[in-house]
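Good morning, and thank you for joining.

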Protein chains: 2
Amino acid sequence: MAESGLNMSRRIRRTPYTDSAEAHGVRGFSVVNHMLLPKAYAPSVEEDYWHLRTHVQIWDVAVQRQVQITGPDAARLVQLMTPRDLRRARVGQCLYVPLIDEHAGMLNDPVLLKLADDKFWLSIADSDILLWAKGLAVGMGLDVAITEPDVSPLAIQGPKAEALMTDLFGSAIAALGHFEYGIFDVLGTSQVIARSGYSKQGGYEIYLEGGHLGADLWDVIWQAGQGYEITPGCPNLIERIEGGLMSYGNEFTRANNPLECGFAPLCHLGNEVEYIGRTALQNIAANGPVQMLRGIKFGGGRTPPCGKPFPVTARDGRPLGQITSGIFSPRLDCNVGMSMIAAGHWDIGTELLVHTPDGIARDGVIAALPF
Amino acid sequence: MAESGLNMSRRIRRTPYTDSAEAHGVRGFSVVNHMLLPKAYAPSVEEDYWHLRTHVQIWDVAVQRQVQITGPDAARLVQLMTPRDLRRARVGQCLYVPLIDEHAGMLNDPVLLKLADDKFWLSIADSDILLWAKGLAVGMGLDVAITEPDVSPLAIQGPKAEALMTDLFGSAIAALGHFEYGIFDVLGTSQVIARSGYSKQGGYEIYLEGGHLGADLWDVIWQAGQGYEITPGCPNLIERIEGGLMSYGNEFTRANNPLECGFAPLCHLGNEVEYIGRTALQNIAANGPVQMLRGIKFGGGRTPPCGKPFPVTARDGRPLGQITSGIFSPRLDCNVGMSMIAAGHWDIGTELLVHTPDGIARDGVIAALPF
């Protein structure tokens, strides 16, 4: 893997699908949760974008590690970690949950799977939430077990995903609602499959338990996908930004609170639900957030890659924010990006300037998310 | 940075020295603590190895992030996190400290700097120890502040480091003992400089506080190094293995306890010192560790890269361990590696087999660390 540019070592873990990804010509990796995330296969991100919107793709998203919390105090600990009201959470449901610290700073934005009243998975973005959960549990003396099980999500994404998955797993898979999961027979084992994924094109995530089954599962999906023009893929930057799908570490960090991330509908601000950071979050809500995540459309020709954030200013030069993910959208025929925007400037339609590293000040406008 | 193979984005953070590293021709990066670590500059790891042993190098090791713990309960929290007895730790000292969880599993192996009785830095390897420390503090209601300050270590390594640093900072820098630090004037600011580093060739680490000074500091070192044949560098795999310097995530993980890592001299097993995981560690000590980290010399010609661990067996095929870091040493004229080795087989001189992915079963022998 010399072309990946990474020092391949045990520290940056391979996934149960890495061999398959390599066999299918993966062109380099990123690193999430100390694990390899395929970065690209197709000749260009734009070809990959059109394919994802038209057909179906198989994605190695095993980097979405599960933090498993079980035991008598599991439900209490999970609720302590998020401002989302989990009192009516039910088995079979996936819940997108902001995780915050005592200052209401964002620590992660996982999908929560309630597997039983005393068993939960947090399917995490890029931070060691297992250490946060363990620290809280040890510090509070909670009766829980916190582990990283041998579970490696494989995503099937795109408009043909439902047909492909129905071929393999029957009509029950088509009956799953968005962000619902069921238990299905996969290679003779019982596995969690959810209607979810890191795209807006529809699809599923198979939470494969048992890494030794990875190559076989990939092959089964691949064979079934031949009639649907399946390709190997990975989260697509154009599609992700157009869909308003944020990325922890990019659009928001521990320096951001969930309200400015747009997670207000997921935050219970009353005193009935006890969670860490509640007082801090209530204070932020009372004063009103000082910035808010927004979409930005901007011109000036194709933007260079957004390896470093692009400063965003008012037309008079006043700093308003920074674009943390940005790229050219061939469908919208303009550049699209996401940025926290200072209060007073975040209304849809507000005009501003985006400063790219090629020295161009580009005309931009606040847009709704998703684009 | 197309050649790096990484999706450059805000999530994988640049350091205050990344621009300088790129200007000096860095050939790709690894990722540690969500941040870029230069991977190679020189034409080969062997040329780099000989240079490091002969001259002096400048390394961007800003990935060694500091977890800063301050406040009335800071000393208590730091002691709770490590089995090392810190009762006699003093300001001015650097201490290598295993961090363990409630099961005595390794969480990290940072260098601890005691900056004051109520102020500590943990200079960490690749895991989010800030979240562990915060979880404990919130869970226990400790009166501490836990932050990641704007501190980015720059390492000056190699036998000529002392002369170079004396030119810049005076004879006080030569008077520093191993794993001692002092406060020095750097670019008109007061900065921590320690005699330490991730090599066995001698040298210093400048804990630069203030990322805006990064490029200037690099330039000052670079200019002063011209008379010492300075080159840009990074931790060298040959030198690291020969020196027995372990890497968290490679040689050991949360599945390992500090005794089998060889950290027994750093573990206080009595009841006078209170720390998390003490009971678990006492039990392991009472029963004796079931494996122990060892060096292995092995032949069969130059080993392929150790991207996946190499199984290690007895001559009769019984599994004994796995080499987690391994490479050819041009100085020792054989391959060298590190592996946990099962009890009964870890004596120096024990013969065994190393199975590399090219299908060769190579003759090996247990060796002392460092080689």
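In chain A, eleven residues of domain 1 are in contact with nine residues of domain 2, where contact means that the C-beta atoms of two residues, placed from the backbone, lie within 7 Å. On the domain 1 side, strand S11 (151-157) and strand S13 (189-194) of chain A each supply at least two of the residues that touch domain 2. Helices (H or I, at least four residues) and strands (E, at least two) are DSSP runs, numbered from the N terminus. By class, that side of domain 1 divides into seven nonpolar residues, three polar and one charged. Here Ala, Val, Leu, Ile, Met, Phe, Trp, Tyr, Cys and Pro count as nonpolar, Asp, Glu, Lys and Arg as charged, and the others, Gly among them, as polar.

The bounds themselves are 2-39 + 56-64 + 150-229 for domain 1 of chain A and 66-134 for domain 2; such bounds come from an automatic or database domain assignment. Taken over C-alpha atoms, the centres of these two domains of chain A are separated by 22 Å.

A word on the basis of these values. This is a predicted model, in which local features need pLDDT of at least 70 and side-chain atom pairs count only at pLDDT 80 or more, while totals for chains, interfaces and linings use all residues. Residues are numbered from 1 along each chain as its sequence is written, and chains are lettered from A and ligands numbered from 1 in the order in which they are written.

Let us turn to the pair of chains. How many residues of chain A are in contact with chain B? There are 42, and they meet 42 residues of chain B. Strand S1 (29-32), helix H4 (129-140) and strand S18 (319-329) of chain A are the elements that give two or more residues to this side. H4(A) gives the most, with nine residues. The side of chain A that touches chain B holds 15 nonpolar, 16 polar and eleven charged residues. Since 100% of the interface residues of chain A are also interface residues in chain B, the copies meet through the same surface.

As to symmetry, chain A is superposed on chain B by a rotation of 180 degrees with 0.0 Å of shift along its axis, at an RMSD of 0.0 Å. The two copies are therefore related as by a two-fold rotation axis. The superposition is by least squares on the C-alpha atoms of residues with pLDDT of at least 70 in both copies.

Next, the interior. A residue is buried if 20 or more other C-beta atoms lie within 10 Å of its own, exposed if 12 or fewer, and partly exposed in between, with C-beta atoms placed from the backbone. A nonpolar core is a set of buried Ala, Val, Leu, Ile, Met, Phe, Trp, Tyr and Cys residues joined through C-beta atoms within 7 Å. The largest such core has 226 residues, of which A:Leu77, A:Ala133, B:Leu77 and B:Ala133 touch the most other members. Leaving aside neighbours within four places in sequence, the contacts of B:Ala133 include A:Gly135 as well as B:Leu77 and B:Ile146.

Which residues of helix H2 (residues 45-54) of chain A are buried? They are A:Asp48, A:Tyr49 and A:Leu52. These residues cover an arc of only 105 degrees around the axis, which puts them on the same side of H2(A); the arc is that of the directions from the helix axis to the C-beta atoms. The buried residues of H2(A) pack against strand S3 (57-60), S11, strand S15 (231-233) and helix H8 (237-242) of chain A.

I close with some individual positions. B:Gln79, in helix H3 (residues 74-81) of chain B, counts as buried, with 20 C-beta neighbours inside 10 Å. B:Gln79 and B:Val273 are 194 residues apart in sequence, yet 8.0 Å apart in space, C-alpha to C-alpha.

For the backbone, the peptide bond from A:Leu369 to A:Pro370 is cis, with omega near -5 degrees. In chain B, a cis peptide bond joins B:Leu369 and B:Pro370, with omega about -10 degrees. A:Asn33, a residue other than glycine, has a positive phi near 50 degrees, and B:His34, likewise not glycine, has a positive phi near 60 degrees. A:Asn33 is partly exposed, with 19 C-beta neighbours inside 10 Å, whereas B:His34 is buried, with 21 other C-beta atoms within 10 Å.
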